[in-house]
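This report describes selected surface and disulfide features of one protein model.

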Amino acid sequence: MELRLVQRLLLIGILISAIWTQGRSGPVTSECLGNLLRITLSAEYFEDKYLSFSVVDQSGVAWELDEAMAAQCGYTVTYSTWSNIEFRASALSCHSHLKRDVFTVTIQIKASHTPDMKNAATHLKSASCRYGPWSPREVVCESNYMEVSVRKEVPQTVKDFIQDEPEDWTLAFPEAKVREASVWQIVFHQPEEKKALLVSDAWSAGYGLNTTDTRVLLRIPYTAEQIQLVEDQGITFSAVRSSTFYKQRWMILMVDTAVACPVDGVDYTNKTIIWTVPKYIQLLSAGATSFKDVLVEAGVDLHKLSAKEMASRRYVLLNDLNAITLKIPIGAEGGYYKTSVSSGQHGAKYTINLFLEHQWEDNKWGLTKYTIIKEIQTPFEQVELAITNNSNLGARLMNVTVGTFLPDVELVNLTIEGVTVAVPEAVQRGCLIYEIRSANGSKAYVIQIPFDAPSIKKEYVSTDMRAYTLNVTLVFIIHPTSDTFTVPVTTVSTVKDAVLPTARGFCDGRNIHLIITRGNVDQNWLPFISDWHLTPEAAQKYSYSLRDNGSHLAISVPFLSSHVSYEDFHASGIKASLHLTLKDGITLANRKDFSVSCRFSPSELIQCLPNGTVVITAVKLVGIADLDTSLLVLRDRECKPSLVTEKTATFKFNVNTCGTNRKFNSTTMTYENEVLYFRPGNDTPVYQLKFACLYAIKQTVDVRYESKKNPPPSIKPGFGSLALSLKIFKEKSYSDPYWELEYPVVKYLREALYFEVELLQPEDERLELNLNDCWATNSQSQDSLPQWPILINGCANSEDSYRTVFHEVTYSSRVKFPQHLKRFEVRMFTFVQGTTLLQEQLYFHCSVVICSTMPQPSGFPCPRRCSPGKHRLDCSTEPHPHGQASSGAVLVRKEND
């Protein structure tokens, strides 16, 4: 991990985030740890800054570090616990100053708020450490390099070296003879060949070489070309076998600079880390025949631990014949958990920076000091995050706590309703976010959003309860790796604050109206009638009215509509109901039902037209589910509806047809029929709806309208009236009447007036008009005085000197029903009031009686009076409708006027 971090730190700088850190005495501290110097930078001090590192040599020149140079020169930059930055330098690093047993390292740190490092602040840190005594051979396995340093000995003769390693001397000797002092050469021993590199070539290849008065050093990055992976006692090592040569005057020094560091050897069993290192590594022990352990010590973070300290932490250090084993319980003191992500899932890995030092003696090298710095990280383990809803219902505040998180996690973004915003922007939008920190550095995030915020989904639950749902995705970043993970948060708070829609219904003469007052839960509810969605387009199609202003929804539906239910008939009218349901706009679940019921006058179902045409609409009641309105008939089953809907059937017919019956009384004529429904194969109707039209002369009366069996009786539909006229004609042929503009008509004494009384409506051939009384007045009022009788009980006035003459009426192109007309002739006579001749305009009036030409149920015919060719039969007790008609004015003149 450190190699990746080094690149991030040194090549592009590092942005130190606001992460918890333990208290420090200052921003930069140093510590001597054997042959290593550690300089620690406080993350708290360098918060939100980009950093770069340089090493200052003895001449004051600053050498900026990158990953390759750090590994080549003996520097390591990594993170310690909770993102403090740690800089380590070897005692024999490139630019350290070694004097006797004290080495000094000077570094330069630049900190800037921008990655281009403009306006950077510079921090200079110099530290010295004493280290000694040095062992004849010291091997260090750092996280990014391997290092071996060997003590210089008095040179042996060339002959002895050739006898020991003749192949190396053969390669080195020609170069050594011609080179000046202090020119180095390295020979790498590969399985297939040996490769010799001059110092300059070795340096260009990334190898680090150094020499002091007493020591020779070779440093090899783990990425070097000559590294081999070898196995020893089942453990894999990164290894390089090499010989390093140095010429001084006529002497050539050759030292064995072989080095090997373990790559693996870590197992995880029963929540325990088991780290095994072979004691005597073959590559480092070549030529030796006897070994003796001198020291085995272990520690954490480069600090050695005593046996007592290790026991308190439940560490176990085993020193067997062939291997050293260190056992660490996962989660034990000294290590720390670090947040990790695997396949997008949040988890953690336990990390511990172990330190192992093994010193042994052999008969070739004497004392060897072997130091391993090993960061061990356990496999990923998923960690469930607690999401706690602490919403404050009284304050109407959604309050959610997410966590606990480790200190290396930071919340950076929130995604609400598909929109991702950074934390500062979310705060500006009314979302309060803050951290809760614990004493151990862990933390949780609290998110507070008002219930009424647009990002909170509001949903009706039941009765007076509403559910407030926060659905947000939190995006976290892990420092220092910058890995990210998301945590979806969905919390629901139920509050007793639902205001359901209410409704007010009413009816006018022809429509049912429903006005719904919106509540706070029905913004997305849709109006349905049964399973029919009432959209503006659908309402327009059926001529319904649908208006929605956001606070009110108004619906108007005609009384005769396919979406109206008809429940019963009573004398007070027809009960019609409109049932409307508000459904959830997403799930279509029923949310609220409304209905309005009204009683409508039967006049909405029946029309009795003056010409004898009847229009009747039968409605399907809710109690007869199987009724097919298209199969409804009248008494004459050949009479079928002219217009059919799912719930109505409309018939249009003349009173003379479809089996219509007729009745009379003194003022009206009644036509009766009924609408019937028969199930197939059954002659007994299951639906029987009686109706009637009542025609009255010069007045309007209610019409009886009833049904039997189903639906129940009686309602009051429709109206009708009889229309009469009294006209005066110019001559006996009755072809040319006086028109309205010709009145008053001027007549002289003994001139004839030709009168015609006609039943205009209804056009029923079974009706007959008979004259009763006719008289004249000198005003338009039929009841004004004086009155001069012309006909009495249908006969001429016997006191007149000029008798009234009746004229027979026959069928013609103008006269369709002769029985609907009566004609008579009157000679103008002297109208005398007292002894005075009345000379002014007169008005003529007649009363009539309407009779049936067919035998009545009682057996009596229509009464006959003094009409031509008829005998007067005035014995009938049957009531018959009566009426009156009047003419325009007639002006009487003497002959010499």
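L432 lies in strand β35, which spans residues 432-437; strands are DSSP runs of E with at least two residues, numbered from the N terminus. L432 is partly exposed, with a relative accessible area of 42%, where buried means under 20%, exposed over 50% and partly exposed in between (1.4 Å probe, protein chains only). C431, by contrast, is buried at 5%.

## Basis of the model

The model is predicted: local features need pLDDT of at least 70, side-chain atom pairs count only at pLDDT 80 or more, and totals for chains, interfaces and linings use all residues. Residues are numbered from 1 along each chain as its sequence is written, and side-chain values use heavy atoms, with hydrogens and water left out.

## Disulfides

The whole structure contains seven disulfides, each a pair of cysteine sulfur atoms within 2.5 Å. One of them joins C141 and C261, with sulfur atoms 1.9 Å apart. C141 belongs to strand β10 (residues 137-141) and C261 to strand β20 (residues 259-262), so the pair ties together parts that are 120 residues apart in sequence. Both C141 and C261 are buried, and their link is left-handed, with -90 degrees about the S-S bond.

Another disulfide pairs C608 with C693, the sulfur atoms being 1.8 Å apart. Strand β49 (residues 606-608) holds C608 and strand β55 (residues 687-697) holds C693, so this pair ties together parts 85 residues apart in sequence. The relative accessible area is 9% for C608, which is buried, and 1% for C693, also buried.

Technical notes
Helix = DSSP H or I, 4+ residues; strand = E, 2+ residues; numbered from the N terminus.
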